[in-house]
Amino acid sequence: MWKLRIKQYFQVQDYALWDVIENGKSFKPAAQTTTNANGSSTTLIPGPVTTDEKTQKKNDVKARSMLLMALPNKHLLTFNQYKDAKTLFAAIQTRFGGNDAIKKTQKTLLKQMYENFSAPSTESLDSIFNRL
């Protein structure tokens with residue numbers, strides 16, 4: 001349910017953000033290392049240069065931020081280590097998505113709950129519907 005809700009939210013807000021999450025089109029600048037005359041080296045990571053690169057970086061930062069804001073507070077520190085939206089979303093899916101055995105168990109449990117559902121005649125139709 002969370003995946004469905006967050007996907008729809010991103011697509012409504014700005015489809016380019018969902019594209020960053022799905023395809024990983026974030027801007028990753030190449031590190032440039034220079035060696036000084038005394039033998040020491042300096043590594044410089046340049047910022048976005050072109051308008052296209054700036055847009056890619058902006059979309060990635062925005063998408064990552066929105067994903068983190070959608071998480072409960074107790075999970076923020078766990079997922080803050082992921083630096084781009086695509087890897088963050090993959091980690092969230094892995095953590096909360098479950099494997100096939102878990103999904104099958106949940107489906108069986110829901111079927112049993114549905115089969116065991118009963119409505120007393122004294123209960124109103126609205127409250128029965130809400131419980132169902």
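The stops that follow begin with the whole chain and then turn to individual residues.

**The whole chain**

Display the protein chain as a cartoon, bearing in mind that this is a predicted model. The protein chain holds seven helices and two strands. Of the 132 residues in the protein chain, 19% count as buried. Among contacts in the protein chain with a separation of 6 or more, 41% are between residues 24 or more positions apart.

**The nonpolar core**

Next, select Phe 10, Ile 21, Ala 63, Leu 67 and Phe 79. Within the largest nonpolar core, which has 17 residues, these five touch the most other members. Helix 1 (2–13), helix 2 (15–23), helix 3 (51–70) and helix 5 each give two or more residues to this core. Helix 5 supplies the largest share, five residues. As a general point, nonpolar side chains in soluble globular proteins tend to be buried together.

Centre the view on Phe 10. Which residues is Phe 10 in contact with, leaving aside its neighbours within four places in sequence? They are Tyr 15, Leu 17, Trp 18, Ile 21, Ala 63, Met 66 and Leu 67.

**Leu 88 in helix 5**

Move to Leu 88, which lies in helix 5. Is Leu 88 buried or exposed? Leu 88 has a relative accessible area of 0% and therefore counts as buried, the cut-off being under 20%. Beyond its neighbours within four places in sequence, Leu 88 is in contact with Arg 64, Leu 67, Leu 68, Phe 79 and Tyr 82. Draw a distance between the C-alpha atoms of Leu 88 and Leu 68: the value is 8.5 Å, for residues 20 apart along the chain.

Select Asp 84, in the loop between helix 4 (73–79) and helix 5 (85–97). Asp 84 is buried, with a relative accessible area of 13%. Show its side chain together with the backbone of Thr 87. The side chain of Asp 84 reaches the backbone nitrogen of Thr 87 at 3.1 Å.

**Thr 43 in strand 2**

Turn to strand 2 (residues 41–44), where Thr 43 lies. Thr 43 has a relative accessible area of 52% and is exposed, because the cut-off for that class is over 50%. The C-alpha atoms of Thr 43 and Thr 33 are 4.3 Å apart, although 10 residues separate them along the chain.

**A nonpolar patch on the surface**

Select Leu 109, Leu 110 and Met 113. These residues form a nonpolar patch on the surface, with about 320 Å² of accessible area together. Leu 109 is found in helix 6 (residues 100–115), and its relative accessible area of 49% makes it partly exposed.

**The salt bridge**

How many salt bridges are counted? The count comes to one. In it, the side chains of Arg 131 and Glu 123 meet at 3.0 Å, N to O. Arg 131 is partly exposed at 45% relative accessible area, and Glu 123, at 22%, also counts as partly exposed.

Definitions and conventions. Residues are numbered from 1 along each chain as its sequence is written. This is a predicted model: local features need pLDDT of at least 70, side-chain atom pairs count only at pLDDT 80 or more; totals for chains, interfaces and linings use all residues. Side-chain values use heavy atoms; hydrogens and water are left out. Helices (H or I, at least four residues) and strands (E, at least two) are DSSP runs, numbered from the N terminus. Buried means under 20% relative accessible area, exposed over 50%, partly exposed in between (1.4 Å probe, protein chains only). A polar contact is a pair of N or O atoms within 3.5 Å; within protein, one must be able to donate a hydrogen and the other to accept it, and residues adjacent in sequence count only if both atoms are side-chain atoms. A nonpolar core is a set of buried Ala, Val, Leu, Ile, Met, Phe, Trp, Tyr and Cys residues joined through side-chain atoms within 4.5 Å. Contact means heavy atoms within 4.5 Å. Patches are made of residues with over 30% relative accessible area and no salt bridge: like charges are joined within 9 Å, nonpolar side chains (Val, Leu, Ile, Met, Phe, Trp, Tyr) within 5 Å. Accessible areas come from the Shrake-Rupley method with a 1.4 Å probe; for residues, only the protein chains shown count as cover. A salt bridge is a side-chain nitrogen of Lys or Arg within 4 Å of a carboxyl oxygen of Asp or Glu.
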